[in-house]
Amino acid sequence: MNNIIFFGPPGAGKGTQAKIISKILDIPHLSTGEILRKKTNQKDALALELNEIMNKGQLVSDNILNKIISERLVECETGFILDGYPRTLDQLNFLNNFLGQNSLKINFIFNIMIDFIKIEERIIKRSSEEKRGDDNIETIKTRYTAYIDSTHLVSENYRKNSKEIFFEIDGNNEIAEITSKIKKILKI
Ligand code: AMP
């Protein structure tokens, strides 16, 4: 069973790679960003709250994320790809407890690294293609800070404690080149 996590700053291309690999392995791609964006379309009180937080580039509360992920993970019988979670140490602890209780473990972690200048270029390009409320230069700085202050600590934790399943990937390369490196590691 393949249980995979993708890490990387906003714009690193982790969503793109997670989507490609989930199709090849035929396992669910759990993008918390996408799940939350769908929730913002529901136009209820939660949607308004989420919209405001996400448009500022801030992190949504751990309680909301932990609930979303645990509800989805119980349905993943053949494996899963986590894209955008865990993003805080609280989420990491929650995930570790959840996996332990369900006799599951993570098999591969891909940490996609990219230069900040490239992040800006990609986010500007994506903003015209996908019309995301959080893809603009002001918000990207907050999102990048959230990544450095919080998510980076989570990936560093895995780097230190799960060396044998932690793989560094250069996200400055072309999409196909990155996919082929990941496929080689996964032996697919
Ligand atoms: P993404 O599509 O992964 O860049 O996520 C878009 C936005 O959704 C983020 O900037 C956060 O506001 C929110 N979000 C996604 N995943 C999480 C998470 N694990 N914890 C907190 N907020 C999240």
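**View 1. Helices H1 and H8 make a right-handed crossing.** Handedness here is right-handed if the near helix is turned clockwise from the far one by less than a right angle, and left-handed if anticlockwise. This is a predicted model, where local features need pLDDT of at least 70 and side-chain atom pairs count only at pLDDT 80 or more, while totals for chains, interfaces and linings use all residues. Residues are numbered from 1 along each chain as its sequence is written, and side-chain values use heavy atoms, with hydrogens and water left out. The axes of H1 (residues 14-25) and H8 (residues 175-186) come within 10 Å and cross at roughly 50°; axes are lines fitted to C-alpha atoms over the stretch in contact, with angles running from 0 to 180 degrees between N-to-C directions. H1 and H8 are therefore oblique to each other (under 35 degrees is roughly parallel, over 145 roughly antiparallel, 65 to 115 roughly perpendicular, the rest oblique). On the H1 side, look for Thr16, Gln17, Ile20, Ile21, Ile24 and Leu25, which meet Ile175, Ile178, Thr179, Ile182, Lys183 and Leu186 of H8 (contact means heavy atoms within 4.5 Å).

**View 2. Helices H2 and H4 pack at an angle of about 105°.** H2 covers residues 32-40, H4 covers residues 62-73, and their axes are 11 Å apart. That angle is why H2 and H4 are roughly perpendicular to each other. Thr32, Ile35, Leu36 and Lys39 of H2 make the contact with Ile64, Leu65, Ile68, Ile69 and Arg72 of H4. Helices are DSSP runs of H or I with at least four residues, strands are E runs of at least two, and both are numbered from the N terminus.

**View 3. The ligand is surrounded by 17 residues.** Thr32, Gln58, Val60, Gly84 and Gln91 are the closest (a residue counts if one of its heavy atoms lies within 4 Å). Arginine 37 has a side-chain N or O atom 3.1 Å from a ligand oxygen. For arginine 87, a side-chain N or O atom is 3.0 Å from a ligand nitrogen. Glutamine 91 puts a polar side-chain atom 3.0 Å from a nitrogen of the ligand.

View 4. Most residues other than glycine have a negative phi, and most peptide bonds are trans.

How values were computed:
Polar contact = N/O pair within 3.5 Å; in protein donor to acceptor, adjacent residues only side chain to side chain.
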